[in-house]
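Reader: Hi! Could you walk me through this one? I'd like to chat about how the pieces pack.

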Amino acid sequence: MPKPIWLFDLDNTLHNASHAIFPTINANMNAFMAKVLGDGETPADPDTVNAARLAYWKRYGATLIGMIRHHDVRMEDFLREAHQFDNLAGMIRAERGLARLLKRLPGRKILLTNGPRRYSHEVMRHLGLHRHFAKHIAIESMIVHRQLRPKPSKLLLRKLIAQEHAVPRRCVLVEDTADTLKAAKSLGMRTAWVTQYLATNPNLRHAAANLPQPAFTKRPFYVDVKVKSVTKLPAMLHRL
């Protein structure tokens, strides 16, 4: 059997972004959106900002796309303003043994993140994981037919499979976001759901405000393997 191609998400998969990074990104994003959605003098109020952010996140899978399509925001401006950190290295929290984990997994490994290139490179360097990945695909590279198509876009996943000259069954997506896992499974990819940071994900908290709480204890039909931590993947290889 050919070795698998692993597609790893970054935030809340390889490290705990909910600890400090996501709250900072959300605060930065809110401040930037308040300026854009305001009247030119007075920033928009928090309720207006939160409603727009949630609506775009649910509709497009990324708030950025809504801001580009409906408010003429430039991608580079949004990403730069949202990812301003006083001390990013000091905010990163991750498990030990991630490098050993990656060595134990057979096959080619690709980082697939909706985070911007500069941010994700810095996180991976700090974690000492960059050398284990053959390719690093950040949101700036997620262009399909001249349109930004970040995860959970099926067009993006199809393009990636084609670029790798692979069949979907050979690809394993390791991810914390259900919508992306569902999209990957519908294309025939194998899926691994990482759950240990889900309860603290601020986007999920906002999305679930008026919905039933996610059933983190159950494995959805589109998930082949559910693990609390990526460090548990080697023990589950027989199911992938």
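Author: Happy to. One term before we start: two strands count as paired if DSSP finds at least two bridges between them. Also, this is a predicted model.

Reader: Thanks! With that in hand, how many bridges join strand 6 to strand 7?

Author: Four bridges join strand 6 (residues 171-175) to strand 7 (residues 190-194), and the two run parallel.

Reader: And which residue does Val174 stand opposite in strand 7?

Author: Val174 stands opposite Ala192.

Reader: Nice. What is the strand order in the open sheet?

Author: The order is 3-2-1-6-7-8, six strands with parallel pairing. Strand 3 (135-137) and strand 8 (225-227) are at the edges; each has a single partner strand, so one side of each is left without a neighbour in the sheet.

Reader: By how many degrees are neighbouring strands turned against each other?

Author: On average by 20°, ignoring direction.

Reader: Which strands does helix 8 lie across?

Author: Helix 8 (residues 154-163) lies across strand 1 (5-8), strand 2 (108-112), strand 3 and strand 6. Its angle to strand 2 is about 150°.

Reader: Switching to the helices: at what angle do helix 2 and helix 3 cross?

Author: At roughly 105°, with the axes of helix 2 (residues 46-60) and helix 3 (residues 63-71) coming within 7 Å. Helix 2 and helix 3 are therefore roughly perpendicular to each other.

Reader: Which residues meet there?

Author: From helix 2 you have Arg53, Tyr56, Trp57, Arg59 and Tyr60, and from helix 3 Thr63, Ile65, Gly66, Met67, Arg69, His70 and His71. The residues of that contact divide into five nonpolar, four polar and three charged.

Reader: What about helix 1 and helix 3, how do they pack?

Author: Helix 1 (residues 21-37) packs with helix 3 at an angle of about 15°, their axes 12 Å apart. That makes helix 1 roughly parallel to helix 3. The crossing of these two helices is left-handed. Met29, Met33, Val36 and Leu37 of helix 1 make the contact with Thr63, Met67 and His71 of helix 3. Here the residues divide into five nonpolar, two polar and no charged.

Reader: Which residues of helix 3 are buried?

Author: Thr63, Leu64, Ile65, Gly66 and Met67 are buried in helix 3. The buried residues of helix 3 pack against helix 1, helix 2, helix 4 (75-82) and strand 5 (147-148).

Reader: Last one: which residue follows helix 3?

Author: Asp72 does, and its phi is positive, near 55°.

Technical notes
Residues are numbered from 1 along each chain as its sequence is written. This is a predicted model: local features need pLDDT of at least 70, side-chain atom pairs count only at pLDDT 80 or more; totals for chains, interfaces and linings use all residues. Side-chain values use heavy atoms; hydrogens and water are left out. Axes are lines fitted to C-alpha atoms, for helices over the stretch in contact, and angles run from 0 to 180 degrees between N-to-C directions. Angles under 35 degrees count as roughly parallel, over 145 as roughly antiparallel, 65 to 115 as roughly perpendicular and the rest as oblique. Contact means heavy atoms within 4.5 Å. Ala, Val, Leu, Ile, Met, Phe, Trp, Tyr, Cys and Pro count as nonpolar, Asp, Glu, Lys and Arg as charged, and the others, Gly among them, as polar. A crossing is left-handed if the near helix is turned anticlockwise from the far one by less than a right angle, and right-handed if clockwise. Buried means under 20% relative accessible area, exposed over 50%, partly exposed in between (1.4 Å probe, protein chains only).
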